[in-house]
Amino acid sequence: MIVPISKILTKAKRQGYAVGAFNTSNLEITLAIVRAAVAQKSPVIIQTSQSAIKYSNIETLFGIMTNLANTVGKKVPIAIHLDHGKDFSIIKDCIRVGYNSVHIDASLEKFATNVRLSKQIIKLAHRKKLWVQAELGAILGKEGLVKLKTGEINMEEMMTDPVEAADFVAQTKVDTLAIAVGTIHGHFKGIEKVDQVRLKKIANLVKVPLILHGGSGLSAPVFKKAIKNGVSAINIDTNLRIAFRNALKKNINTKTDMIDPRKILAPSTDAMQAEVEKTIKIFGSNNKA
Ligand SMILES: [Zn+2]
């Protein structure tokens with residue numbers, strides 16, 4: 001059932017587990033996330049990127065998410081979140097249609113600009129009693145990785161500074177904070193690390209729930225330590241994409257005469273559900289619904 005994200009994250013922070021924030025862009029992924037939450041009796045955050053919204057239009061995607069949450073998922077707490085909102089018109093659309101939370105990502109701007117832009121969105125969202133996630137420090141993606149390898153940028157410099165983070169939260173009154181502690185968007189086993197000492201320092205100074213991005217590819221012990229050190233939600237996208245692709249490949253390569261899209265896609269939905277369930281158990285949010 002759709003609930004305010006504050007309910008989900010306040011409880012997670014208090015009880016010391018993390019909630020998975022899983023990205024969706026269609027019916028099958030959303031079904032997989034909601035079915036997994038029900039099977040594990042777990043709260044979940046379902047989130048869409050700006051490009052997912054552009055892919056299928058906001059009302060349709062929001063309709064799929066809320067409808068499944070309130071029917072199939074009626075016994076578990078579910079919140080809908082916008083991931084990496086950079087375009088003010090899309091963020092405003094999400095607030096308008098009824099997302100529970102939006103991420104204003106102005107992390108590439110200077111500190112003062114980031115504060116100013118984040119505050120603008122916080123003002124709009126708080127009027128409707130919605131939560132806002134802001135971001136301090138740059139969480140790298142594929143392009144960032146290339147720059148890291150050539151030495152053009154330094155991972156340490158990209159990370160969130162604990163004292164600055166406390167200042168940022170005090171100035172903006174943001175509800176949750178996405179932090180950069182060494183993870184990368186995508187799947188880069190072996191390169192990604194979590195600077196646990198930095199994370200602990202941030203958690204000591206910042207009292208709002210901390211959000212870890214770029215979680216796909218990290219090992220269970222690293223996740224567990226990050227949660228112990230103060231992370232309350234973890235974004236997962238790539239792991240579901242890989243599960244989807246692998247199951248699809250296997251299915252169409254073995255049953256080559258299939259033409260029913262439902263039969264073609266069902267094993268992918270099941271594989272994503274299994275992946276979400278595995279993740280929920282690592283994060284410790286099972287039986288917390
Ligand atoms: Zn992210």
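The crossing of helix 2 and helix 4 is right-handed, a crossing being right-handed if the near helix is turned clockwise from the far one by less than a right angle, and left-handed if anticlockwise. The model is a predicted one, in which local features need pLDDT of at least 70 and side-chain atom pairs count only at pLDDT 80 or more, while totals for chains, interfaces and linings use all residues. Residues are numbered from 1 along each chain as its sequence is written. Helices (H or I, at least four residues) and strands (E, at least two) are DSSP runs, numbered from the N terminus.

The axes of helix 2 (residues 27-39) and helix 4 (residues 58-70) come within 10 Å and cross at roughly 30°; axes are lines fitted to C-alpha atoms, for helices over the stretch in contact, and angles run from 0 to 180 degrees between N-to-C directions. The two helices are therefore roughly parallel to each other (angles under 35 degrees count as roughly parallel, over 145 as roughly antiparallel, 65 to 115 as roughly perpendicular and the rest as oblique). On the side of helix 2, the residues in contact (C-beta atoms, placed from the backbone, within 7 Å) are L27, T30, L31 and V34, which meet I64, M65, L68 and A69 in helix 4. These divide into seven nonpolar, one polar and no charged, where Ala, Val, Leu, Ile, Met, Phe, Trp, Tyr, Cys and Pro count as nonpolar, Asp, Glu, Lys and Arg as charged, and the others, Gly among them, as polar.

Helix 2 also packs with helix 13 (residues 261-283), at an angle of about 45° and with the axes 8 Å apart. Helix 2 and helix 13 are therefore oblique to each other, and their crossing is right-handed. The contact includes E28, I29, A32 and R35 from helix 2, and L265, M272, V276 and E277 from helix 13. Its residues divide into ten nonpolar, three polar and three charged.

A residue is buried if 20 or more other C-beta atoms, placed from the backbone, lie within 10 Å of its own, exposed if 12 or fewer, and partly exposed in between. Leaving aside residues up to four places away in sequence, I33 touches F22, T24, V44, I46 and V276.

In helix 5 (residues 88-97), I91, D93, C94 and I95 are buried.

How values were computed
Contact = placed C-beta atoms within 7 Å.
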